[in-house]
Amino acid sequence: MQVHVLASGSKGNATLLQGRDANILIDAGISTRRIKQELAKLGTGLEELDGIVLTHEHRDHIAGLTTLTKRYRLPVYTRPDTWLSMTLKDTLPQECCRDLNDSLDIGSLKIEPFAISHDAADPVGFNFFEDACKCSVVTDLGFVTDSVKRALSLSDIMVLEANHDIGMLKNGSYPWSLKQRIMSNRGHLSNMDAGWTLARLDRKNRTDVFLAHLSQENNRPDIAKNTVSSILAEQGCEVGEDVRLYLTYPDRCASMDE
């Protein structure tokens, strides 16, 4: 299983997951043109995608859907309440809109959504299973519940939110109401929360972790990585061996083999 985070952040999110015989796009919050360009760099075409799964209806996760579905007629799967809350649903071909229930099989991949805490209609993270490999993708969550911890346990690959540095956010230029939203249990996960989440999880001997959805205003890649690394090291985890950390970016792809 291979994971490529094509873009991550408040300006747009999209991740490619490649199984043995299936290519799945997780969210489509950037333009079709950018998705096509990033896939081409990976040796993959849009016509090779087998489907799109959506975490929730916020624009930075769905902005590219209209063009993608009209041009390529890709099936799109998400929760029924997410469809009901999605303002651009009427612009999509009806046959492309599929309800996502408890599990979905595409090729050799088994896909299982799990509920997360965010200010959206019915937001989810995803677990992907192929043979003995497990990949978890979870961003846009304000609080890691016990059920989310169980969902993330024993993953080989993880895409986990590390949205903000708490000090930068509190002292930054955002209005207080927005700061409260981000820090709330239905907002976004801080670097510190991401670090403690990883430290407390049941893990395999090695886990590859992408730190995702970094705020350009309230975070920096070096701060995110250093904060998470410090917490893991304090808890006896050998960073680079037990857990390998990868940064993600709003304007370029991040892959495990970089």
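Helices (H or I, at least four residues) and strands (E, at least two) are DSSP runs, numbered from the N terminus. The model is a predicted one, in which local features need pLDDT of at least 70 and side-chain atom pairs count only at pLDDT 80 or more, while totals for chains, interfaces and linings use all residues. Residues are numbered from 1 along each chain as its sequence is written, and side-chain values use heavy atoms, with hydrogens and water left out.

The protein chain contains 8 helices and 14 strands. Its radius of gyration, taken over C-alpha atoms, is 17 Å, close to the 18 Å that the globule rule (2.2 Å times the number of residues to the power 0.38) gives for 258 residues, so the chain is as compact as a globular protein of that length. The C-alpha trace spans about 50 × 45 × 35 Å along its principal axes. Of the 258 residues, 58% are buried, meaning under 20% relative accessible area with a 1.4 Å probe and protein chains only, whereas exposed means over 50% and partly exposed lies in between.

Helix 1 covers residues 32-41, and its buried residues are Thr 32, Ile 35, Glu 38 and Leu 39. These four cover an arc of only 130° around the axis, judged by the directions from the helix axis to the C-beta atoms, which puts them on the same side of helix 1. They pack against strand 1 (2-7), strand 2 (14-18), strand 3 (23-26) and helix 2 (65-72), where contact means heavy atoms within 4.5 Å. The face turned away from this buried side carries the exposed residues Arg 33, Ala 40 and Lys 41. Just after helix 1, Gly 43 takes a positive phi of about 80°.
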